[in-house]
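Open the model in your viewer and keep the selection tool at hand. The tour goes from stop to stop, saying what to select and what is there.

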Amino acid sequence: MTRPSPVSVEAVIRRRVEREGWISFRAFMELALYHPTDGYYTRPEMVTGRRGDFSTSPDVAPAFGRRLAVQAAEIHQRLGGGSWRLVELGPGRGLLAADLLDGLACHAPESLAALEKMVLVEISPALRRVQHERLASWARRVPLVWSESLVDVPAAEGVVVANEFFDALPVHLVERRDGVVREVGVVASSSGELELAPGPEADEIVAELVETHALAPRDGDRAEVCAGLAEIFEHLSRILPRGGAVIVDYGLPAAILGDRAHREGTAVGYHRHRVVTDLLARPGRQDLTAHVNWDHLEAAAREAGFTVVGRTWQDRFLMALGLIEDLAAPGDGDEDPSATAERLAARALILPGGGGKRFEVVGLVRGLEGPWRGWSMG
Ligand SMILES: C[S@@+](CC[C@H](N)C(=O)[O-])C[C@H]1O[C@@H](n2cnc3c(N)ncnc32)[C@H](O)[C@@H]1O
């Protein structure tokens, strides 16, 4: 049985807003999602999938991680096929980690045999516990190591994967007013309701990112800026001196983020599989997310020494890695019901209304040459 947290993140946020008058949206999002004991991702009851607020591709079907393993194995082979390390950023419930290892066992046993260790980088103690449980049987076959942050991960050749990690990073919310880019933050109204309100001018780093990517170009436009990207890629380049990274997420190019259709920005909440436009509703009890700015992410990666292999839709990536084979029923008609369910679920990974044209996959490499199978369909 899980014990309720003695601290309410909403109370923590309210106290801070009362004390400081205004807090940035980034500070709000950081607390709402990652408060040490009562944030959305850190409280013990956190679940994804049907019983939670949103489903990720690993929740949908194991074929996602198993086919991603084929790409990881190709990178391992290009590294020379020797000892290598697999790192996952933000493993959630640990489904993708388990599917990656299953995929290596099934499609690339020589890469599994050479795997020195898998590192799971997870900020949430509650999710680290869930991951430990889910991966218990794998822990007897492969050294599994947990790290709270990228800061503590040592350097090694290998592969980094991240599914829906970057959309969950706290973002600055900005608004252009009379030509000036201002931060948008959180205040308390006279009746005590939390409200969004413009604050000071954006600092130099945020303002420069807004101008570089032509975000919020018209007066009144809002946009999100993930100022933490540079630091994350600095760490990634340190921990990955040679190898590749596979990043899957929903995002948009900067030019589209700056168009009229996105003038309110892309940040939303998720609660019980519904999009919530009130970002301040139920702090710590709804997910908060913003589309990844692909131009910003790719620029941060290049700045840190990575080469961008390509960006492609999830359906093309998975099909290039052989997903079609997973959709075919066995010729003899002899299939157990759970295999049938997994096979049917795998279709949702590539259907446009499913994840196929919702998620994109960015490939990054350092010290290696392509071409790469996952991006071979364009
Ligand atoms: C949207 S969930 C994605 C879960 C999983 N990758 C999946 O596909 O089901 C985001 C994950 O990233 C973790 N996370 C967010 N920020 C992090 C950080 N700075 N360091 C480590 N983990 C982080 C969250 O706790 C959570 O596990």
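At what angle do the axes of helix H1 and helix H2 cross? Select residues 9–20 for H1 and residues 25–34 for H2: their axes come within 9 Å and cross at roughly 160°. Axes here are lines fitted to C-alpha atoms, for helices over the stretch in contact, and angles run from 0 to 180 degrees between N-to-C directions. The crossing angle therefore makes H1 roughly antiparallel to H2, a label for angles over 145 degrees. Helices (H or I, at least four residues) and strands (E, at least two) are DSSP runs, numbered from the N terminus.

This is a predicted model, in which local features need pLDDT of at least 70 and side-chain atom pairs count only at pLDDT 80 or more, while totals for chains, interfaces and linings use all residues. Residues are numbered from 1 along each chain as its sequence is written.

Stay with the two helices and show side chains. Val-9, Val-12 and Ile-13 in H1 meet Phe-28, Leu-31 and Ala-32 in H2; contact means C-beta atoms, placed from the backbone, within 7 Å. The residues of this contact divide into six nonpolar, no polar and no charged. Ala, Val, Leu, Ile, Met, Phe, Trp, Tyr, Cys and Pro count as nonpolar, Asp, Glu, Lys and Arg as charged, and the others, Gly among them, as polar.

Next, select the strands of the open sheet with the order E4-E3-E2-E5-E10-E17-E16, seven strands in mixed pairing. Two strands pair if DSSP finds at least two bridges between them. The edge strands, each pairing on one side only, are E4 (144–147) and E16 (307–313). From one strand to the next, the twist averages 15°.

At the E16 end, select E17 (residues 360–366): E16 and E17 pair in the antiparallel sense over six bridges. The bridge partner of Thr-312 is Val-361 in E17.

Now move to the open sheet of three strands, E13-E12-E14, with antiparallel pairing. Its edge strands are E13 (274–276) and E14 (287–289). Three bridges join E12 (residues 268–271) to E13, and Tyr-270 stands opposite Val-275 in E13.

Last, select the ligand. Around it are 20 residues, the closest being Thr-56, Gly-90, Gly-92, Ile-123 and Asn-163; a residue is near if its C-beta atom, placed from the backbone, lies within 6 Å. This shell divides into 11 nonpolar, seven polar and two charged residues.

Conventions
Angles under 35 degrees count as roughly parallel, over 145 as roughly antiparallel, 65 to 115 as roughly perpendicular and the rest as oblique.
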